[in-house]
Amino acid sequence: MTLRAGDTATCTTLNDGQLYAVFIYNSAQNATNADIFVNWSNSQPPQKITVPGTTANAGLASLGFVSGSDTQTVSVSMPTNSPMGQVEIWLGSVSMPVNTAGLDNEQLPSDGAPHPFDKYRRYYAVPTAAWHQLTIKSSVTQFISVQFQNAKAKVFVVNESSNGLLEGQVVSMGPTAQSKGVVEPVTSAIQSIMTQFQGNGQQYVWMNADSADNSDDATIAMQSI
């Protein structure tokens, strides 16, 4: 959905034990960085998340992680005096978004073949109880995507730049999401990331967190090994 200055979006159905990420894109084609505020607790001040300015809708997503073990409700707000005209947001997890209109929601086969991994692509799979290899490739600098596995997530950064992410661009909120190993960054200095994992009967989800332009040649592949 789209948020403009003064708007607030709220979800009240977070599930206990599940990790969520708020994906926030600058969709105003405004080259000024802006701050979005995420409220996950009445006892804590809203968390500020920086959304990079961009032109031609070419920016990365900012990510705010929160656990349903800490809250059932999360709200995202854009201040009335924001210099950014609008942002595009959605909530991702192994079960979100419920409404996938506008997203390509597909099963990722374990065939070892590369599959397109564009901005509006969401893949899901229940890998068998065997070892699997996941490969994400992109020729651009700092291609970002997220892997969800129920209570955990990995943030993949392919071909990471020397500057890394902006401060405040990836934020974990609450004691559960901030716990060690819950949100794990995985980076590479080359144009691919390969990681191995063992299926356990649970669903995995992979979501792009990059721009449409940066995702032109991005691919994802999964293979039993």
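**View A. The second largest pocket of the predicted model.** The volume of the second largest pocket is about 160 Å³, in a model that is predicted. Its lining comprises four nonpolar, five polar and three charged residues. Strand 13 (143-149), strand 14 (152-158) and strand 17 (192-198) each contribute at least two lining residues. Among the residues that line this pocket are Gln147, Gln149, Lys152, Lys154, Glu184, Phe197 and Tyr204.

**View B. The largest pocket.** The largest pocket holds about 480 Å³ of space. It is lined by 21 residues, of which Met1, Ile89, Trp90, Leu91 and Pro97 are the closest to its centre. Strand 2 (8-11), strand 7 (74-77) and strand 8 (86-92) each supply at least two residues of the lining; strand 8 gives the most, with four. By class, 15 lining residues are nonpolar, five polar and one charged.

**View C. The aromatic pair Phe23 and Phe148.** Eight aromatic pairs are counted in the model. In the pair of Phe23 and Phe148, the ring centres are 6.4 Å apart and the planes lie at 55°, so the pair is tilted. Phe23 belongs to strand 3 (residues 19-26) and Phe148 to strand 13, 125 residues apart. Phe23 is buried, with a relative accessible area of 0%, and Phe148 is likewise buried at 0%.

**View D. Tyr25 and its surroundings.** Tyr25 and Trp90 form a tilted aromatic pair, 5.5 Å centre to centre with 40° between the planes. Tyr25 lies in strand 3 and Trp90 in strand 8, so the pair ties together parts 65 residues apart in sequence. Both Tyr25 and Trp90 are buried. Lys119 lies over the face of Tyr25, 4.1 Å from the ring centre. Phe23, Tyr25, Trp90, Tyr120 and Phe148 form one aromatic cluster.

How values were computed: Residues are numbered from 1 along each chain as its sequence is written. This is a predicted model: local features need pLDDT of at least 70, side-chain atom pairs count only at pLDDT 80 or more; totals for chains, interfaces and linings use all residues. Side-chain values use heavy atoms; hydrogens and water are left out. On a 1 Å grid over the protein atoms alone, a cavity is a set of points where a 1.4 Å probe fits but cannot get out, and a pocket is an open set with protein on both sides within 12 Å along at least five of seven lines; lining residues have an atom within 4 Å of a point. Grid points are joined across faces, edges and corners, and a volume is the space filled by probe spheres set on the points. Ala, Val, Leu, Ile, Met, Phe, Trp, Tyr, Cys and Pro count as nonpolar, Asp, Glu, Lys and Arg as charged, and the others, Gly among them, as polar. Rings of Phe, Tyr and Trp (its six-membered ring) pair if their centres lie within 6.5 Å; planes under 30 degrees apart count as stacked, over 60 as edge-to-face and the rest as tilted. Buried means under 20% relative accessible area, exposed over 50%, partly exposed in between (1.4 Å probe, protein chains only). A charge sits over a ring if NZ of Lys or CZ of Arg is within 6 Å of the ring centre and within 35 degrees of the ring normal.
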